[in-house]
Amino acid sequence: MEARVISGTEIRDTIKKDLTERTARLARKPALAIIQIGDNPESDVYVKQKMRFGEEIGCEVTHILLAEGETEEGIIEEIRELNADERISGIIVQLPLPEKIDADRALAAIDPAKDVDGLTPASLSRLLAGDLSGFIPATTKAVLKILEHAGQDAAGKRVTVVGRSNLVGKPTALALLALDATVTVCHSKTEDLAEAAKQADILIVAAGKKHLIGREHVRDGQIVIDVGITAETGEDGKRKLYGDVDFDAVKDIVAAITPVPGGVGPLTVASLFENVVRAQEFAENK
Ligand code: NAP
């Protein structure tokens with residue numbers, strides 16, 4: 001039987017409606033500041049998506065493009081000014097940063113009350129403690145939303161997360177642990193990925209390797225959430241996106257799967273703005 005395809009775009013549209021209504025009820029428009037350092041074509045695409053979504057739900061989005069050669073101190077100074085600016089509800093630093101910048105140090109400068117990407121030590125330590133009430137990184141939130149939409153309670157389930165980055169793999173594993181799943185985390189040194197992937201009831205893949213997961217990694221009844229995005233330019237000059245899961249190879253085996261594009265991606269942007277609107281709601285109800 002063909003897998004149920006979970007559309008992130010459809011869930012995104014529901015969230016969009018909710019956020020538009022919440023934004024309209026606020027005294028002031030929620031405002032997101034995006035700091036980008038240097039030109040990076042991939043980052044440019046993501047920043048544009050965020051600006052478009054933000055504007056559609058009635059938020060203000062300011063894109064601050066700093067020069068490639070900007071110093072760590074310069075970035076931190078910019079963040080401090082935004083921390084102090086009452087008009088700004090949330091601040092994100094568009095990753096990746098140039099190598100010479102210590103991303104953790106830059107992120108740590110963000111006021112936890114404006115940390116809408118959930119990547120400051122303050123937000124991550126809440127997650128580590130099993131507290132899901134703070135700002136959760138957007139991609140992790142997107143994964144949780146997909147599970148909720150699919151009617152999947154993670155409690156007691158075997159979940160395998162492929163990828164252990166601070167941005168995606170680790171926060172996602174921690175959130176699922178907080179939801180009482182039995183979590184296995186795989187990475188590039190995992191010896192038998194197929195075995196670890198196959199034992200999962202819920203398989204979450206965030207490795208950034210096109211079609212890493214094929215028929216030998218899945219079994220029937222699984223829910224597969226594909227976070228990976230690999231962009232390639234085809235012979236026709238068009239940009240095409242691929243997931244970490246070979247969708248066509250596994251779709252007749254697993255129970256449900258998210259597509260790429262149209263799965264986790266659209267929900268990640270919506271989840272970020274859920275955090276932005278929440279930050280402004282908090283600020284107005286302090
Ligand atoms: P990352 O920092 O490069 O981390 C990749 C992780 O995958 C690492 O932990 C790495 O292991 C592991 N890995 C690499 N090759 C592997 C293999 N052959 N077998 C098992 N594990 C392997 O990437 P990221 O920032 O976490 O992002 C992961 C993917 O998600 C990327 O494609 C990114 O574009 C995508 N992404 C999508 C969204 C969205 O909205 N859909 C949002 C964020 C990211 P080691 O730790 O051992 O190196």
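Predicted model: local features only at pLDDT ≥ 70, side-chain atom pairs only at ≥ 80, totals over all residues.
Biologist: In what order do the three strands of the open sheet stand?
Modeller: Helices (H or I, at least four residues) and strands (E, at least two) are DSSP runs, numbered from the N terminus. Two strands pair if DSSP finds at least two bridges between them. Here the pairing is parallel, and the order is 3-2-4.

Biologist: Why is one side of strand 3 and of strand 4 left without a neighbour in the sheet?
Modeller: Strand 3 covers 60–66 and strand 4 covers 90–93. Both stand at the edges, so each has a single partner strand.

Biologist: What does the twist average from one strand to the next?
Modeller: Axes are lines fitted to C-alpha atoms, for helices over the stretch in contact, and angles run from 0 to 180 degrees between N-to-C directions. From one strand to the next, the twist averages 20°.

Biologist: Which residue of strand 4 is the bridge partner of Ala-33?
Modeller: Strand 2 holds residues 31–37, and four bridges join it to strand 4. One of the bridge pairs is Leu-32 with Gly-90. For Ala-33, the partner is Ile-91.

Biologist: Which residues of strand 4 point the other way from Gly-90 and Ile-92?
Modeller: In a regular strand the side chains alternate between the two faces of the sheet. Buried means under 20% relative accessible area, exposed over 50%, and partly exposed in between (1.4 Å probe, protein chains only). Gly-90 and Ile-92 point one way, and all four residues are buried. Pointing the other way are Ile-91 and Val-93.

Biologist: At about what angle to strand 2 does helix 10 run?
Modeller: Helix 2 (residues 41–56) lies across strand 2, strand 3 and strand 4, at about 170° to strand 2. Helix 10 (residues 264–284) also lies across strand 2, strand 3 and strand 4. Its angle to strand 2 is about 125°.

Biologist: How far apart are the end C-alpha atoms of helix 6?
Modeller: The expected span of a helix is 1.5 Å times one less than its number of residues. Helix 6 has twelve residues, 138–149, so it should span 16 Å. The model agrees: the distance is 16 Å.

Biologist: How many of the twelve residues of helix 6 are buried?
Modeller: Contact means heavy atoms within 4.5 Å. What covers the buried residues includes helix 1 (8–25), helix 7 (169–178) and helix 10. Among the buried residues are Ala-142, Val-143 and Leu-144. Helix 6 is mostly covered, and the buried count is ten.

Biologist: Is Asp-180 buried or exposed?
Modeller: Asp-180 is found in the loop between helix 7 and strand 6. It has a positive phi of about 70° although it is not a glycine. Its relative accessibility is 54%, so Asp-180 counts as exposed.

Biologist: What is the relative accessibility of His-211?
Modeller: His-211 is in the loop between strand 7 and strand 8. Its phi is positive, about 55°, although His-211 is not a glycine. His-211 counts as partly exposed, at 34%.

Biologist: Which residue forms a cis peptide bond with Val-260?
Modeller: A cis peptide bond joins Leu-95 and Pro-96, with omega about 0°. Another cis peptide bond involves Val-260, again with omega about 0°.

Biologist: How far from an oxygen atom of the ligand is a polar side-chain atom of Thr-268?
Modeller: A residue is near a molecule or strand if one of its heavy atoms lies within 4 Å of it. 21 residues surround the ligand, and Thr-268 is one of the closest. A polar contact is a pair of N or O atoms within 3.5 Å; within protein, one must be able to donate a hydrogen and the other to accept it, and residues adjacent in sequence count only if both atoms are side-chain atoms. For Thr-268, the distance is 2.8 Å.

Technical notes
Residues numbered from 1 in each chain as written. Heavy atoms only, no water.
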